[in-house]
Amino acid sequence: MTPAQLDHTAAVLSDILAFKQPADSVLAAYFREHRKLGRQDRHEIAETVFATLRHYQKIQTVMSKPRNKPRQAALAALIFGRGADAAFIQSLAKPEEAESLKALFTGSKEHFTALHAAAELPEWLVEIAQKHYSEGDILQFGRSVNRPAPLDIRVNTLKGKRDKVLAQLQAEGFAAEATPFSPWGIRFQDKPSLNRHPLFLDGTLEIQDEGSQLLALLLGAKRGEIVADFCAGAGGKTLAIAAMMANQGRIYAFDIAEKRLANLKPRSTRAGVANIHAERISSEADTRIARLYGKADRVLVDAPCSGLGTLRRNPDLKYRQSPETLASLQTQQATILAEAAKLVSAKGRLVYATCSILPEENEMQVRHFLDNHPGWHTVDCAGLLSNYKIPLDTGVYLRLNTEQHQTDGFFAAVLERN
């Protein structure tokens, strides 16, 4: 990192550390405003920004209000997250900055014994997690999501087969391997840029975490069925479901955000998918949904959640959430799940999923639903996956964690009528 790069890093951190908007959005906007920054500049700035977010708890321990000291915060991130030594910091920092960080090289960085600092998780989150998990589990979780994520992609089976695509990518020199669970997944540890690759441009490849791919398999949609993706977003799971259905049948993709749904149309065209009907709704109780009551063979609820299972990719999320936002999300999740259940036919299937690791958003929501809907029961996820010869047994519910499964943190429950 050069002095100029450090200045740019400090400038963007002063906005990001307010935790008002997603970090990647703020960073992208900053780069658009500073188009003269080269590729290496952008790399150094982005890496240091995300190192600051990943190690923010330790940085807070050594300095109060890091947002007011973005240069010192960036320098501390170089130490904690990027392996900078004392000589390098001395060459880059102003004398007073170097002096304030000197303690980090005299052994004090080994004394972050408080659980929230050791796990790099905010105190409110640690307090909630302690209701369900041991300190060792919390520490393991915090450390596992504090590492950068690899890049997972899904091979679109409407356009290619994984084995053939994987062989082509390896022949082109990519360090790629098959994902261990999803039959469609390929993983790149070095996160190459694929958005200009011919296989991406022609719709053969879609970027999608392996855990997310497994949700489509749990839903188990078949050709000719009616499917509702209740919180479709930009449609990654919708496209995976469409491929499973071989473009036959009908998928209703609902979402309250028109901008997210707008991204689905070009993605569908690129993927060669023609059986998706995207529709913006005002809420989960929108009257336009009523026409599907009791008619859907499969309904997927990828519920709005805290996103705490995705901290490898979005480390700032843990600072943009709070006990208050979590409580609001729980209310919303319960309402959405109850409304979505109305769409399911007598012999249909409902899948409730989140990218959270908190029981409040997961198991407790399912229990609440079953308590209030006695005509439903859970279906064993491990058994459903074994039908696809997938050796993944996390019990009745799908529970994926980064440390054990190398995916984002995911939860899913499969529900059917009695």
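# Reading a predicted model, feature by feature

Q: Where do I find Thr-204?
A: Look in the loop between α12 (198–201) and β4 for Thr-204. Helices here are DSSP runs of H or I with at least four residues and strands are runs of E with at least two, numbered from the N terminus. Before going on: this is a predicted model, where local features need pLDDT of at least 70, side-chain atom pairs count only at pLDDT 80 or more, and totals for chains, interfaces and linings use all residues. Residues are numbered from 1 along each chain as its sequence is written, and side-chain values use heavy atoms, with hydrogens and water left out.

Q: What is the bridge partner of Arg-154 in β3?
A: The general idea first: strands of a sheet pair through backbone hydrogen bonds, either parallel or antiparallel. Two strands count as paired if DSSP finds at least two bridges between them. For Arg-154, the partner in β3 is Gly-185. The strands involved, β1 (residues 151–155) and β3 (residues 185–188), pair in the antiparallel sense over four bridges.

Q: Which strand order does the open sheet of four strands have?
A: Read across, the order is β2-β3-β1-β4, with antiparallel pairing. The edges are β2 (176–178) and β4 (205–207); each has a single partner strand, so one side of each has no neighbour in the sheet. On average, neighbouring strands of this sheet are turned by 35 degrees against each other, direction ignored. For angles, axes are lines fitted to C-alpha atoms (for helices over the stretch in contact), and the values run from 0 to 180 degrees between N-to-C directions.

Q: How many aromatic pairs does the structure hold?
A: A pair of aromatic rings is described by the distance of the centres and the angle of the planes. Rings of Phe, Tyr and Trp (its six-membered ring) pair if their centres lie within 6.5 Å; planes under 30 degrees apart are stacked, over 60 edge-to-face, and the rest tilted. There are eight such pairs in this structure. One of them joins Tyr-252 and Phe-254, with centres 6.2 Å apart and planes at 15 degrees, so it is stacked. Both partners are inside: Tyr-252 is buried at 12% relative accessible area, and Phe-254 is buried at 0%. The rings of Tyr-397 and Phe-411 are tilted, because their planes make 50 degrees, with the centres 5.2 Å apart. This pair links distant parts of the chain, 14 residues apart: Tyr-397 belongs to the loop between α19 (381–386) and β11 (398–400), while Phe-411 is in strand β12 (residues 410–417). Tyr-397 counts as buried at 12%, and Phe-411 does too at 1%. There is also an aromatic cluster, formed by Phe-19, Tyr-56 and Tyr-319.

Q: Which residue lies over the face of Phe-200?
A: A charge sits over a ring if NZ of Lys or CZ of Arg is within 6 Å of the ring centre and within 35 degrees of the ring normal. Here Arg-270 lies over the face of Phe-200, 4.6 Å from the ring centre.

Q: Where is Asn-247, and what is its phi?
A: Asn-247 has a positive phi of about 70 degrees, although it is not a glycine. It's found in the loop between α14 (236–244) and β6 (250–255). With a relative accessible area of 25%, Asn-247 is partly exposed. Lys-65 is another non-glycine residue with positive phi, near 50 degrees. Its loop runs between α4 (56–62) and α5 (70–82), and at 62% relative accessibility Lys-65 counts as exposed.

Q: Where does UniProt place the feature "binding site"?
A: The unreviewed UniProt entry puts it at Asp-255 and Asp-302. They cluster in space although spread over 48 residues of sequence, with a largest C-alpha distance of 10.8 Å. UniProt positions are given in the numbering used here, feature names are shortened, and annotations may be inferred rather than shown by experiment. Asp-255 is in strand β6 and is buried, with a relative accessible area of 6%.

Conventions
Buried < 20%, exposed > 50% of the residue type's maximum accessible area, 1.4 Å probe, protein only.
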